[in-house]
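Let us walk through a protein model together. Keep the sequence and the 3D view open as you read.

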Amino acid sequence: MTTIGFLSVAPVTEGSMAGEVAKAVAALDDFEVSYETTPMGTTIEADSVDELFAAAQAAHEAVDGDRVSTFLKIDDKRVRDQRAGEKVDAVEDALGREARRDR
């Protein structure tokens, strides 16, 4: 079954965090996961919760700093396989349009 997670890893620091966040995202490449990074975090898909936890831990450990803040939310749907994109598609079907708006 697919396990979906939302991960946000950041050093607690002044100024740009982009370089450290990039290290966290790059650490995911060592795992059998797919991911998409957004301005607020990264959505990760894995075949198991164990793989998701391992990838999240590696991302957390990749960030340098005296203090690192990590948020992980997991959707471990155990009765059927559903990819993250399918969840978005279902919302868009209910809306009757894309679930986004550019201003």
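A salt bridge is a side-chain nitrogen of Lys or Arg within 4 Å of a carboxyl oxygen of Asp or Glu. Keep that in mind for E20, K23 and D64, which a network of salt bridges links. We will come back to E20 and K23.

First, some ground rules. This is a predicted model: local features need pLDDT of at least 70, side-chain atom pairs count only at pLDDT 80 or more, and totals for chains, interfaces and linings use all residues. Residues are numbered from 1 along each chain as its sequence is written, and side-chain values use heavy atoms, with hydrogens and water left out.

Now the overall layout. The protein chain has three helices and four strands. Both come from DSSP runs (helices are H or I, at least four residues; strands are E, at least two) and are numbered from the N terminus. Along the sequence, the pattern reads β-α-β-β-α-β-α. Taken along the principal axes, the C-alpha atoms fill a box of roughly 45 × 40 × 20 Å.

How much of the chain is buried? The figure is 25% of the 103 residues. Buried means under 20% relative accessible area, exposed means over 50%, and partly exposed lies in between (1.4 Å probe, protein chains only). Contacts tell us about the fold as well. A contact means heavy atoms within 4.5 Å. Take the contacts in the protein chain with a separation of 6 or more: residues 24 or more positions apart account for 71% of them.

Next, look at two helices. Helix α1 covers residues 18-27, and helix α2 covers residues 49-62. Their axes come within 8 Å and cross at roughly 150 degrees. Here, axes are lines fitted to C-alpha atoms, for helices over the stretch in contact, and angles run from 0 to 180 degrees between N-to-C directions. The crossing makes α1 roughly antiparallel to α2, a term for angles over 145 degrees.

Which residues make the contact? From α1 come E20, K23, A24 and A27. From α2 come A58, A59 and A62. By class, this contact has five nonpolar, no polar and two charged residues. The classes are simple: Ala, Val, Leu, Ile, Met, Phe, Trp, Tyr, Cys and Pro count as nonpolar; Asp, Glu, Lys and Arg count as charged; the others, Gly among them, count as polar. E20 and K23 also belong to the salt-bridge network with D64.

Zoom in on A27, which sits in helix α1. Is A27 buried or exposed? A27 is buried, with a relative accessible area of 11%. Leave aside its neighbours within four places in sequence, and A27 is in contact with A58, A59 and A62.

Back to charge. The structure holds six salt bridges. One of them joins K87 and D75, with the closest N and O atoms 2.1 Å apart. This pair links distant parts of the chain: K87 is in helix α3 (residues 84-95), D75 is in strand β4 (residues 68-76), and they are 12 residues apart. K87 is partly exposed at 30% relative accessible area. D75 is partly exposed too, at 26%.

Another salt bridge joins the side chains of D76 and R78 (2.9 Å, N to O). D76 is partly exposed at 25% relative accessibility, whereas R78 is exposed at 67%. D102 forms a salt bridge with R100, and their closest N and O atoms are 3.3 Å apart. Both D102 and R100 are exposed.

Methods. Angles under 35 degrees count as roughly parallel, over 145 as roughly antiparallel, 65 to 115 as roughly perpendicular and the rest as oblique.
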